[in-house]
Amino acid sequence: MIFTLFIKEGGSIGVMKMCNEHQKIEEFFRRNMEQVKNPIISSFLADAKNLYLVQNAILYPTDCNMKMVDETFQSHYIRVRKIKYVSSLIYYFSLDFDKKRRRLQNRYLLIVDNAISGSDSAGEDERIEEGLLDTIENEELFKALRKLTDKQLQILEMIYVNDSPIKVIAESLQTTPQNISNLHRKALNKLHHMLRKEVN
């Protein structure tokens, strides 16, 4: 639209219009700097499509444009909350199960286990290698995890069992950190969808 005006109205008017619109957008973000720094708003604006919708609403504040921004932001917020919920669910389930196992192992130690040096550290290694599925006690979550792809399950294991950073996982699987983040998010969304289906 800006470029059409530029052609129709002549160079100087088109450039002036572009400058005015650019200043208007900059002024809006300067006035609302604190809100823009909020992580959820920041992540919303990181998407080029969302940023375009916001800029369009700033320049042309019609009810339709404002409604579109509101609806898109609500969808983004719900998606972020879902990811956070499932992420926390997996994390705390695995922690809780690991604590229970350690407590049981320490309670029922054999006398031979105490005598052999280094046996405890070997047990630790075995626990780490067992994987995410072995740490899940909740039946619904276990079934949902079984339905993930091998790669998605591997990424969840590396994040929640091995505490591996995204960058390390990307290097290990010979891909980009962004791809790992996308696969991680898709896996969590899939789990959330399946768990909600089970509840309903």
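The structure is a predicted model. The chain has 12 helices and 0 strands, and 26% of its 200 residues count as buried. The mean pLDDT is 76, and 76% of the residues score at least 70.

**Overall architecture**

- Read from the N terminus, the chain runs α-α-α-α-α-α-α-α-α-α-α-α.
- Among contacts with a separation of 6 or more, 63% are between residues 24 or more positions apart.
- The chain exposes about 14200 Å², and 56% of this area is supplied by carbon and sulfur atoms.

**Confidence of the prediction**

- Helix α5 (residues 48-59) has the highest confidence, at a mean of 90, whereas helix α1 (residues 2-9) has the lowest, at a mean of 30.
- Over residues 1-14 the pLDDT stays under 50, and the model has 8 contacts beyond four places in sequence for this stretch.
- A further stretch with pLDDT under 50 covers residues 117-129, for which the model has 8 contacts beyond four places in sequence.

**Nonpolar cores**

- The largest nonpolar core holds 25 residues, of which Ile 90, Leu 145, Leu 156 and Leu 191 touch the most other members.
- Two or more residues of this core come from each of α6, α9 (139-146), α10 (150-160), α11 (166-172) and α12.
- Helix α12 gives the most to this core, with 7 residues.
- Leu 191, with neighbours within four places in sequence left aside, is in contact with Val 86, Ile 90, Ala 144, Leu 145, Leu 148 and Leu 156.

**His 192 in helix α12**

- His 192 is found in helix α12, which spans residues 177-199.
- The relative accessibility of His 192 is 9%, so this residue counts as buried, the cut-off being under 20%.
- Not counting residues up to four places away in sequence, His 192 touches Lys 82, Tyr 85 and Val 86.

**Nonpolar surface patch**

- Tyr 91, Tyr 92 and Leu 95 form a nonpolar patch on the surface, and together they have about 300 Å² of accessible area.
- Tyr 92 has its place in helix α6, which covers residues 63-107.
- With a relative accessible area of 53%, Tyr 92 is exposed.

- A search of the whole structure finds 3 salt bridges.
- Glu 27, Arg 30 and Arg 31 are linked in a network of salt bridges.
- In one of its links, the side chains of Arg 30 and Glu 27 meet at 3.0 Å, N to O.
- Arg 30 and Glu 27 are 3 residues apart in helix α2 (residues 11-31), and are therefore separated by about one helical turn.
- Glu 27 also forms a salt bridge with Arg 31, with the closest N and O atoms 3.9 Å apart.
- Glu 27 and Arg 31 are 4 residues apart in helix α2, about one turn of the helix.
- Arg 30 counts as partly exposed at 48% relative accessibility, as does Glu 27 at 32%, whereas Arg 31 counts as exposed at 56%.

- The side chains of Lys 67 and Glu 71 meet in a salt bridge at 4.0 Å, N to O.
- Both Lys 67 and Glu 71 lie in helix α6, 4 residues apart, about one turn of the helix.
- Lys 67 counts as exposed at 53% relative accessibility, while Glu 71 is partly exposed, with a relative accessible area of 43%.

**Positive phi angles in loops**

- Asp 163 is a residue other than glycine with a positive phi, near 55°.
- The place of Asp 163 is in the loop between α10 and α11, and at 58% relative accessibility Asp 163 counts as exposed.
- Gln 174 also has a positive phi, about 55°, although it is not a glycine.
- Gln 174 lies in the loop between α11 and α12, and counts as exposed at 75% relative accessibility.

Conventions: Residues numbered from 1 in each chain as written. Predicted model: local features only at pLDDT ≥ 70, side-chain atom pairs only at ≥ 80, totals over all residues. Heavy atoms only, no water. Buried < 20%, exposed > 50% of the residue type's maximum accessible area, 1.4 Å probe, protein only. Contact = heavy atoms within 4.5 Å. Patch = residues over 30% accessible without salt bridge, like charges linked within 9 Å, V, L, I, M, F, W, Y side chains within 5 Å. Areas by Shrake-Rupley, 256 points an atom, 1.4 Å probe, with all protein chains shown as cover. Core = buried A, V, L, I, M, F, W, Y, C linked by side-chain atoms within 4.5 Å. pLDDT = per-residue confidence, 0-100.
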